[in-house]
Amino acid sequence: MTAATIAPTRLRLGLAALVVSAFSAFGTPAQARGPEGIADVAEKVIDAVVNISTSQTVEAKGGGSNSMPQLPPGSPFEEFFDDFFKNRKGPGGGKGGDGGPPKKTNSLGSGFIIDTSGVVVTNNHVIADADEINVILNDGTKIKAELVGVDKKTDLAVLKFKPTKPLVAVKFGDSDKLRLGDWVVAIGNPFSLGGTVTAGIVSAKNRDISSGPYDSYIQTDAAINRGNSGGPLFNLDGDVIGVNTLIISPSGGSIGIGFAVPSKTVAGVVDQLRQFGELRRGWLGVRIQSVTDEIAESLNIKPPRGALVAGVDDKGPAKPAGIEPGDVVVKFDGKDVKDPKDLSRVVADTAVGKEVDVIVIRKGQEETKKVTLGRLQDPDKVQAAVKTDEPAPEKPVTQKALGLDLAALNKDLRTRYKIKDSVKGVVVTSVDANSDAAEKRLSAGDVIVEVAQEAVSSGADIQKRVDQLKKDGKKSVLLLVSNADGELRFVALSVQ
């Protein structure tokens with residue numbers, strides 16, 4: 001069986017060699033993959049790349065002699081043990097016994113030394129929930145490490161260990177200087193094969209794959225597999241320009257789509273973790289959303305850009321600075337803001353307490369606001385509005401507009417939809433399923449606070465504003481909408 005599997009592979013490799021030889025015979029040189037400098041880079045930095053070994057005590061899912069041993073993900077023996085243990089029946093005809101004493105599980109990842117005193121950078125998911133962490137040097141020396149700090153938002157962690165001999169450290173390069181097509185080198189511990197070197201190019205920059213609030217990954221086709229997590233991505237100068245973190249793969253192995261956190265982000269996070277043991281991110285105190293084409297048309301912003309302020313925290317730094325819902329932030333501390341992600345990243349990277357200029361567009365005009373940044377608290381706490389489906393109530397007297405049934409807020413409607421007393425405006429009691437409003441996910445219980453940046457208190461107010469916009473030749477109308485809890489968002493609806 002083994003020979004039958006291996007033989008065709010050897011045949012294919014042999015044919016490939018013949019094809020290359022044939023081309024060479026006709027005068028076309030055989031090209032090596034990558035520049036010659038890769039070997040020099042690997043030799044220079046290999047001793048700074050480490051394996052990260054962790055152990056964790058977990059409840060045993062199976063007991064007795066038939067329980068399967070815990071193996072690192074991707075181990076070459078994993079499939080064998082799956083077949084042998086999971087399909088093997090225990091005493092009495094059943095499968096291996098349940099329960100049993102807690103057992104230790106082991107896993108392996110990668111990391112790299114940035115300070116010869118024994119400071120290591122890796123991914124948070126490599127060491128998450130570990131009871132014990134060990135650093136394994138390139139020569140096999142195993143040393144216990146302690147956790148300095150983690151940042152879950154960027155999936156980074158810093159470790160420290162006491163070296164028993166002189167170490168080799170690497171430094172961060174400038175990831176902003178990377179160009180598409182630049183050669184990069186990844187070194188790590190894929191599938192427990194430590195010291196593995198792979199090479200490829202930068203496939204994309206600033207890649208947002210919706211894995212976190214500060215996504216801005218380097219995409220590379222250098223082979224990155226399970227176990228490479230936390231390992232460094234080098235440029236050809238031997239500087240770290242990224243930390244290998246994620247892959248996209250239906251099989252679990254490399255298909256040439258890997259992602260690394262850029263060194264510009266890593267360096268800032270690592271500095272704070274070493275200094276404070278935690279992240280102290282800047283906080284503006286606003287809720288933001290994208291400026292769609294329809295919203296841009298309603299606000300007279302050409303071309304569509306920036307981050308639309310949907311709400312302002314009463315206790316946040318933006319409030320006393322005069323930033324208001326409906327403002328569009330287009331520049332922060334001298335940096336252009338193209339979309340909400342840009343604003344989130346630049347605010348988070350700005351020092352707490354720093355006074356910055358924030359340029360907003362308000363009613364078609366640019367205004368500059370001076371804001372002293374606060375500190376983001378509880379960054380892992382995500383708040384989301386949860387709507388509950390309720391039986392359709394008996395409809396009050398309503399006004400129809402924009403595919404909506406609208407009614408002035410009163411005590412009964414507040415009770416029916418559990419709308420807070422602080423919310424003012426016109427309540428939506430029904431939505432036409434075939435309307436633009438339905439596509440934009442407006443629903444019964446939403447409250448329209450403003451139409452075209454003017455407050456409204458009745459359905460007639462809304463209809464009047466819509467009729468005027470039609471006369472003015474506008475294609476859409478911008479609504480400021482609140483949910484029952486008072487959380488605001490902007491929605492642009494067609495008036496055609």
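Author: Buried means under 20% relative accessible area, exposed means over 50%, and partly exposed lies in between (1.4 Å probe, protein chains only). This is a predicted model, where local features need pLDDT of at least 70, side-chain atom pairs count only at pLDDT 80 or more, and totals for chains, interfaces and linings use all residues. Residues are numbered from 1 along each chain as its sequence is written, and side-chain values use heavy atoms, with hydrogens and water left out.

Reader: What percentage of the residues of the protein chain count as buried?

Author: The secondary structure comes to 11 helices and 27 strands. Helices (H or I, at least four residues) and strands (E, at least two) are DSSP runs, numbered from the N terminus. The chain has 496 residues, and the buried share is 42%.

Reader: Which share of contacts between residues at least 6 apart in sequence joins residues at least 24 apart?

Author: Contact means heavy atoms within 4.5 Å. Take the contacts in the chain between residues at least 6 apart in sequence. Those joining residues at least 24 apart make up 61%.

Reader: What is the largest C-alpha distance among the "active site" residues that UniProt lists?

Author: The UniProt entry is unreviewed, and it lists H125, D155 and S229. UniProt positions are given in the numbering used here, feature names are shortened, and annotations may be inferred rather than shown by experiment. The three are spread over 105 residues of sequence, yet they cluster in space, with a largest C-alpha distance of 10.1 Å.

Reader: Is D155 buried or exposed?

Author: D155 sits in the loop between strand 5 (142–151) and strand 6 (156–161). Beyond four places in sequence, D155 is in contact with T122, N123, N124, H125 and T245. Its relative accessible area is 13%, so D155 is buried.

Reader: How does H125 count, given its relative accessible area?

Author: H125 is found in helix 4 (residues 124–127). Not counting residues up to four places away in sequence, H125 touches D155, S229 and T245. The relative accessible area is 39%, so H125 counts as partly exposed.

Reader: What is the relative accessibility of N124?

Author: N124 is also found in helix 4. Leaving aside residues up to four places away in sequence, N124 touches V150, D151, K152, D155, L156 and A157. N124 counts as buried because its relative accessibility is 11%.

Reader: Which helix gives the most to the lining of the second largest pocket?

Author: On a 1 Å grid over the protein atoms alone, a pocket is an open set with protein on both sides within 12 Å along at least five of seven lines, a cavity is a set of points where a 1.4 Å probe fits but cannot get out, and lining residues have an atom within 4 Å of a point. The second largest pocket has a volume of about 1000 Å³, and of its 37 lining residues the closest to its centre are S216, K264, R345, V346 and D349. Grid points are joined across faces, edges and corners, and a volume is the space filled by probe spheres set on the points. With 7 residues, the top contributor is helix 8.

Reader: How many charged residues does the lining of the second largest pocket hold?

Author: Ala, Val, Leu, Ile, Met, Phe, Trp, Tyr, Cys and Pro count as nonpolar, Asp, Glu, Lys and Arg as charged, and the others, Gly among them, as polar. The lining has 13 nonpolar and 8 polar residues. The charged count is 16.

Reader: How many residues of helix 8 are buried?

Author: Helix 8 is mostly covered. Its cover includes strand 13 (282–283), strand 14 (286–290), strand 15 (307–312), strand 16 (328–332) and strand 17. One of the buried residues is A348, at 7% relative accessibility. Of the 10 residues in helix 8, the buried ones number 7.

Reader: What is the volume of the largest cavity?

Author: The count comes to 1 cavity of 30 Å³ or more. K153, T154, Y214, D215, S216, Y217, V261, P262 and T265 line the largest cavity. By class, they are 4 nonpolar, 3 polar and 2 charged residues. The volume is about 70 Å³.
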